Amino acid sequence: MNVTAAERREKLNLFNAAEAARWLDLSDLRIYRDIRAGYIPKPEVKLGKRHYYRESELKKLNNYYRRESKNE
């Protein structure tokens, strides 16, 4: 079964790191750097060879970045 990117986002509610960055209004590099540094968790859902965030995980990441921006 082939799943298009639109189906993955709209029906399965799964987002790759770049889409997560757009959803969170951050740069791609910021997300990748924070994953590598261990500040945020890696995407857990594996679909094929790639890993994706669930929408619920994006909401948690949004809360994390909101708290972090208040502390700056």
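Helices (H or I, at least four residues) and strands (E, at least two) are DSSP runs, numbered from the N terminus.

Before going further, please note that this is a predicted model, where local features need pLDDT of at least 70, side-chain atom pairs count only at pLDDT 80 or more, and totals for chains, interfaces and linings use all residues. Residues are numbered from 1 along each chain as its sequence is written, and side-chain values use heavy atoms, with hydrogens and water left out.

Which residues of helix 4 are buried? They are Glu57, Leu58, Leu61, Tyr65 and Glu68. These residues cover an arc of only 95° around the axis, so they sit on the same side of helix 4; the arc is that of the directions from the helix axis to the C-beta atoms. On the other side of helix 4, Lys60, Arg67 and Lys70 are exposed. Buried means under 20% relative accessible area, exposed means over 50%, and partly exposed lies in between (1.4 Å probe, protein chains only).

Among the elements that cover the buried residues of helix 4 are strand 1 (14–15), helix 2, helix 3 and strand 3 (50–54). Contact here means heavy atoms within 4.5 Å.

## Salt bridges

Side chains of opposite charge can pair when their charged atoms come close. A salt bridge is a side-chain nitrogen of Lys or Arg within 4 Å of a carboxyl oxygen of Asp or Glu. The structure holds 5 salt bridges.

One of them joins Glu68 and Arg30, with the closest N and O atoms 2.0 Å apart. This pair links distant parts of the chain, as Glu68 is in helix 4 (residues 55–71) and Arg30 is in helix 3, 38 residues apart. Arg30 also forms a salt bridge with Asp34, at 3.2 Å between the closest N and O atoms. Arg30 and Asp34 both lie in helix 3 (residues 28–37), 4 residues apart, about one turn of the helix. Arg30 is partly exposed at 24% relative accessibility, whereas Asp34 is buried at 6%.
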